[in-house]
Amino acid sequence: MENNIVSSMEGNIISDMDNVYIGIISVLALIIVILILIKIISSIKKRKKYPYESKMLLTRTEYAFFKKLRKFTDKKRYMICPKVRLEDFIYVTNRKELSKYRGYIKCRHVDFLICDDDLHIICGIELDDKSHDEKEAKRIDKFKNELFEAIGVKLYRVRVDDDYEEKLRTIIG
């Protein structure tokens with residue numbers, strides 16, 4: 001009987017010890033998980049953040065026009081290149097005053113360049129809303145009109161309140 005009591009006590013001690021070990025292992029595992037999460041969160045916070053976000057390439061108005069334009073250009077296998085910087089397809093020939101003339105084109109774009117399938121430029125299209133009625137916009141529009149004439153590329157202007165299909169039939173055919 002005495003042996004049974006000792007054996008029973010030893011069994012309880014062993015099972016109590018097992019529970020203690022399981023508890024210690026559980027707490028250590030939890031601490032490790034928490035430390036890993038803290039490290040991940042702090043590394044995310046340490047990443048250099050820039051004050052930028054992506055946005056849609058075209059405004060709603062430009063995109064509506066783009067969809068109409070695509071119907072006409074697809075028939076002729078032309079490509080539409082939206083918002084192309086002028087400096088990307090215009091070369092400054094006056095090398096002595098390169099900075100001056102480059103300054104006029106490096107930060108400006110044309111709304112849509114229409115190209116053939118070899119990327120030869122067919123024409124440019126500017127979509128003009130009411131902001132183009134302002135004095136500064138008129139000055140820039142005049143510059144672009146003269147610039148396109150100088151490089152021998154036709155620049156068409158389409159008002160947002162125009163009938164796009166009618167206007168595009170004239171431009172693209």
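Trainee: Which strands does helix 5 lie across, and how does helix 5 run relative to strand 4?

Mentor: Helices (H or I, at least four residues) and strands (E, at least two) are DSSP runs, numbered from the N terminus. For angles, lines are fitted to C-alpha atoms, for helices over the stretch in contact (heavy atoms within 4.5 Å), and angles run from 0 to 180 degrees between N-to-C directions. Here helix 5 lies across strand 3 and strand 4, at about 170 degrees to strand 4. Keep in mind that this is a predicted model: local features need pLDDT of at least 70, side-chain atom pairs count only at pLDDT 80 or more, and totals for chains, interfaces and linings use all residues. Residues are numbered from 1 along each chain as its sequence is written, and side-chain values use heavy atoms, with hydrogens and water left out.

Trainee: Okay, on to the sheet. In what order do the four strands stand?

Mentor: Two strands pair if DSSP finds at least two bridges between them. The four strands make an open sheet, ordered 1-2-3-4, with mixed pairing. Strand 1 (79–85) and strand 4 (154–159) are at the edges with a single partner strand each, so one side of each has no neighbour in the sheet. From one strand to the next, the twist averages 30 degrees.

Trainee: Which strands pair in the antiparallel sense?

Mentor: Strand 1 and strand 2 do, over six bridges; look for methionine 79 opposite cysteine 115 in strand 2. Strand 3 and strand 4, on the other hand, pair in the parallel sense over six bridges, and glutamate 126 has arginine 157 in strand 4 as its bridge partner.

Trainee: How does the chain cross from strand 3 to strand 4?

Mentor: Through helix 4 (residues 135–151), in a right-handed β-α-β crossover. Right-handed means that, with the strands pointing away from you, the path from the first strand over the helix to the second runs clockwise.

Trainee: And how many residues does the largest nonpolar core have?

Mentor: A nonpolar core is a set of buried (under 20% relative accessible area, 1.4 Å probe, protein chains only) Ala, Val, Leu, Ile, Met, Phe, Trp, Tyr and Cys residues joined through side-chain atoms within 4.5 Å. The largest one has 16 residues, and Phe65, Leu69, Phe112 and Ile125 have the most contacts inside it. Helix 2 (60–76), strand 2 (109–115), strand 3 (121–128) and helix 5 (164–171) each give at least two residues, with the largest share, four residues, coming from helix 2. A second, separate core of 13 residues includes Val92, Cys115, Leu147 and Val153.

Trainee: Is isoleucine 125 buried or exposed?

Mentor: Buried, at a relative accessible area of 0%. Isoleucine 125 sits in strand 3; among the residues it touches are Phe65, Leu69, Leu155 and Leu168.

Methods. Buried < 20%, exposed > 50% of the residue type's maximum accessible area, 1.4 Å probe, protein only. Lists of a residue's contacts leave out its neighbours within four places in sequence.
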